[in-house]
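Please look over the sequence and the structure shown here before reading on, and keep both at hand. The paragraphs that follow lead through the structure part by part.

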Amino acid sequence: MIKTIYALAGAFLLAACSAYDFPDPTPEDYPVHGIDVSHWQGEIDWHAVKRAGTEFAWIKSTEGGDHADRRFLDNWTGAREAGVPRGAYHFYYFCRPVEEQVDWVKQIVPVDPTALPLVLDMEWNGHSRSCQIRPPRDEILRDMIYFLDEMERHYGKRPVIYATVDFHRDRLVGAFKDEQFWIRSVAAFPNRIYEGRDDWFFWQYTAEGRVDGVKGNVDRNAFYGTRSQFRKWLNGELQR
């Protein structure tokens with residue numbers, strides 16, 4: 001009888017727990033936050049950004065095979081001088097061969113062992129007047145692998161992949177399980193809307209953030225883990 005009572009009580013507790021809808025984590029639940037910037041943020045006071053608690057930054061460097069962000073070098077050197085760990089990101093252009101884009105990045109982004117891994121920014125650009133094509137999945141995956149491999153050989157670190165919800169849904173579901181992802185999700189917790197991508201490393205959770213040292217809005221991002229895990233990630237020692 002006692003065993004039966006305990007069994008029934010245990011079943012009741014399990015049922016109660018399964019019925020309870022635990023709330024999703026919010027950005028505030030993660031201790032390590034950073035920003036990403038381009039020339040649209042204008043002149044940045046990187047020392048103020050550092051004092052505000054910003055622990056990493058990705059800076060737009062290049063787009064396609066012939067465009068460089070006009071504030072890249074200012075931001076690149078300013079962030080380093082202020083002590084903000086920073087890396088570059090490349091905005092992929094679907095109307096330019098991947099080989100040309102790789103060569104262009106190498107021309108613009110310095111080799112710096114202290115920098116964060118380069119980011120490959122993959123998203124549809126519906127506002128582009130010069131490139132409206134959407135290549136098939138197999139072509140995109142092939143070119144992404146080429147880009148990642150070449151950048152790793154050149155810079156010594158495997159790039160991070162940035163993806164938006166629609167691009168990931170259209171081309172990346174089930175792909176790149178062993179790569180590090182930085183994903184955009186401003187409306188909900190990423191695990192709710194990215195199929196099979198609960199192994200993300202960085203979450204871009206708003207485009208309307210405010211940070212001392214930056215005039216106006218700025219993208220804000222959270223690292224998935226603890227500060228000690230972030231330090232391991234910076235040293236290339238962390239696996240998800």
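**A walk through the chain**

The link of Cys 95 and Cys 131 is right-handed, with 90° about the S-S bond. Cys 95 lies in the loop between strand 4 and helix 4, while Cys 131 lies in the loop between strand 5 and helix 5, so the pair ties together parts that are 36 residues apart in sequence. The structure holds 1 disulfide, a term used here for a pair of cysteine sulfur atoms within 2.5 Å, and in the disulfide that joins Cys 95 to Cys 131 the distance from S to S is 2.0 Å. Cys 95 is partly exposed, with a relative accessible area of 35%, whereas Cys 131 counts as buried at 6% relative accessibility; buried means under 20% relative accessible area, exposed over 50%, and partly exposed in between, with a 1.4 Å probe and protein chains only.

This is a predicted model, in which local features need pLDDT of at least 70 and side-chain atom pairs count only at pLDDT 80 or more, while totals for chains, interfaces and linings use all residues. Residues are numbered from 1 along each chain as its sequence is written, and side-chain values use heavy atoms, with hydrogens and water left out.

The chain has 8 helices and 9 strands, which are DSSP runs numbered from the N terminus (helices H or I, at least four residues; strands E, at least two). Of the 240 residues of the chain, 47% count as buried, and the C-alpha trace spans about 80 × 45 × 35 Å along its principal axes.

The chain crosses from strand 6 through helix 6 (residues 165-172) to strand 7 in a β-α-β crossover that is right-handed.

Turning to helix 3 (residues 72-82), its buried residues are Phe 72, Asn 75, Trp 76, Gly 78, Ala 79 and Ala 82. The buried residues of helix 3 pack against strand 1 (33-37), helix 2 (46-51), strand 2 (57-63), strand 4 (86-91) and helix 4 (98-108), with contact meaning heavy atoms within 4.5 Å. Just after helix 3, Gly 83 takes a positive phi of about 85°.

Technical notes
Right-handed = clockwise from strand over helix to strand, strands pointing away.
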